[in-house]
Amino acid sequence: MAAHAEFFEEALTEAVARLRADGGEIVTFEPKSQALVLRARVRGNPLFSRGALGRSSPSRPRDTGLEEQPTVVLPAAAAMRVFPVDAGIRGLAYQRRHPIVLRGDEIELAVRREDLPVADASCCVGVPIFRVSASPTLRPEPDVIGVLTLYIRDPMWSFSDADVSLLVLHADRIARTMLLMDAPREHEPREFPAELRPDVAPNTTPHDDSIRHERADHEKLLSQLSNAVLTLNASLDPAITARALVEQAALFTSSAVRMVFLVDEEAKCLMGVETNWQPDGPHTPFHDVRFSFAWQDLGKLREQGFLVLRPDGDGGTTEDRIAAEYQIESCLVLPLERSERLQQQEDTGPLRASGPLLGALFVYTPHQPYRINPKEIHHLQTLVKSASGAMSNAKLYRNLHDAHEKQKELDKYKDDFILTVSHEFRTPLTAIEGYTGLISRHGNKLDQTKLDAFAAEIKLAMDQLTGMLGTLADVSRMDSNALEVSPGPINAHAAAEKALSQQLPEWQPRVTIEVPDDLWVLADEERLPRMFSNLIGNALKYTDKKPCRVTAHAATREKLLEGGHRLKSDAERWAVIGVRDYGSGISKEDQARLFQKFGRLAQSRTTPIRGTGLGLWICRQYVEALGGAIWVESWIGDGSLFEFCLPVADPPSQA
Amino acid sequence: MAKPTVLIVDDDPSIRKLLQEVLTLEGYPLETAADGAEALAALERGGSRLVLLDLLMPNVAGWDVMQALEANGTRAQHKIIFVSANDKLEDYRHLTPDDELAKPFTVDQLINVIQKHVA
């Protein structure tokens, strides 16, 4: 009994020390056979432990410059209490045979509070400890011999997936050590034999030798496993975690296995890093590989928890394809799953899950039948279980990080956009304010020609404001994907003329419209002039040498598709309309950004060209809504040609 | 007293045109420039002017003009009035215009600010 107690104490201390949550916890450990319960208090970071254990830790001087390490306080053996095994979280873990985590209200729903040894727990976890057979098979029948249970009182803390993964690993370690300690009479609950206590001097019976030998092996394995877990959890980058898994997996396999792969869920195919590891040969560095392997073919993987592929030789299956390509006769695939799925899954074995896969470890040997011993498979399974937590965290972190960065960028653009839009509004407002002011100040001395000219200026400014408001309304519709167009036959020449007439009178001669009078396209009556307006406005803004040209030519669907343009409309006859300027041209890099939202703003703010940075993005939305496409060609020093295509329409019948 | 020449510097033709209309009716001799480079060229021709200077312009911006004048020592010859959007003016507090005018402005505001600097 004493040896067990010492071991459990040690195991607990280590389990708790490894947890990321260093708040105030109470820990119990309970092997079924002995019904022994140990309680430990964990005092960690005073910031978090304050209130958790009903006391704060103000006594520690703040200016020592030392970080307070989490400490574990184990009460004397006399303070131990025994709880019935079927109570609370431990009972659940026993029955369901997989890790259970309950948080907040879930505790009330799942168990009776009075069944918990810690009545005011805010989060609790129960991790079943499975008996490990001395000769592990591929899937040992899970036999629960104890439950590792932990309670947190601090509502600020909760057990993370990584914590649970660590506990699962730790439970496995406890089971292995118990197997060794119980080796001589494995199935009887009994007093631990004194001569087999770890601290007893070695004796010389062959039986003990073999046990000691096995124990040494296990210790080596355990330290390897804990190293692997540390390595896997060291990074929050999924790619690095994947690489670490492959590397660690290679360390856990011995002679037969040559290569290990990772399946990337998002790429929907097998790709990852490959290693060609040999225990006594050179360690070939990683290189990236890719298999054409349909992800749905891994359906069996979800059901079984593992998969051994064997090609049937008729050439029709994915296995056959891979086999032919990579000279594989069979291989082993182990899934990486989101660890919370492990907990949610009820009434199934400990390793089953049907949730989304995070990837899979792919093990095979080229040029020979796959051969790996069951022990190694078991180790790989343990490793993959830990990797699931690490990968889950890494992916979660990456997603959060990406979303945060994207939001930050968007916020910045929106701020800039509001600033720019308010600036854009000032020019027409100044014009209206100015001309009305002039009329009221000098009204009596102004002749009719002057008054007409001022009225025309006011009208122009009003039109500009109206156009800007229409565009803003469209932008908001595009943001919510509610942009509706009503395509009908529109005369392209007239639309271009209308757009030009809205430009400043002195700028108008700098544009020549070469679109035929009789060209009708399928477009939107409001939006086509607005597109012209944007493109012509841009051309005028960036060019001051030769006049800009608005051109048009016919094109077939086939020709446009050959040019790599995506067309949503099935029309056969198309018109390609172009706006050519003779400005400084646009570099290839900037061209790629042009049609993106806020494309111009993204460049730089040192050259203050006015505009919202939305014009071309808006054009693209319009033309795509009409089934066409827009693109740009540019020559540095000689300007750019913006072209878009729209289906040719028949002229409307004469009314 | 003779009215000084006013130099209108703005890249937006509609604003240039408006200022021209207002100041012609007030009887000021005028010059216009569409960007900072044209403005500097006009100022190099000698004489002192009252400059209505837009800050946000392509190529050579308003603040570039200010810096160039301070560098070549002719800043003091001229009265310089910034004409720009409010939110932009605050970014250029380190430059010292003789006055500033925020868009959109009224005709009265424009005339008052100019008369203030016509000695």
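Between chain B and chain A the count is four salt bridges, a salt bridge being a side-chain nitrogen of Lys or Arg within 4 Å of a carboxyl oxygen of Asp or Glu. In one of them, Lys450(A) pairs with Glu21(B), and their closest N and O atoms lie 3.0 Å apart. This is a predicted model, in which local features need pLDDT of at least 70 and side-chain atom pairs count only at pLDDT 80 or more, while totals for chains, interfaces and linings use all residues. Residues are numbered from 1 along each chain as its sequence is written, chains are lettered from A and ligands numbered from 1 in the order in which they are written, and side-chain values use heavy atoms, with hydrogens and water left out.

The size of an interface is often given as the accessible area lost when the parts come together. The table uses buried area in that sense (1.4 Å probe, summed over both parts), and contact means heavy atoms within 4.5 Å.

| Item, chain B with chain A | Value |
|---|---|
| Residues in contact | 27 residues of chain B, 25 residues of chain A |
| Buried area | about 2500 Å², 61% from carbon and sulfur atoms |

On the chain B side, Leu18(B), Glu21(B) and Leu25(B) lose the most area to chain A, together 21% of what that side buries.

Elsewhere in chain B, strand β4 (residues 79-85) and strand β5 (residues 99-103) pair in the parallel sense over five bridges, where strands are DSSP runs (E, at least two residues) numbered from the N terminus and pairing requires at least two DSSP bridges. Ile81(B) has Asp99(B) as its bridge partner in β5(B).

Notes:
Helix = DSSP H or I, 4+ residues; strand = E, 2+ residues; numbered from the N terminus. Buried area = accessible area lost by both parts, 1.4 Å probe.
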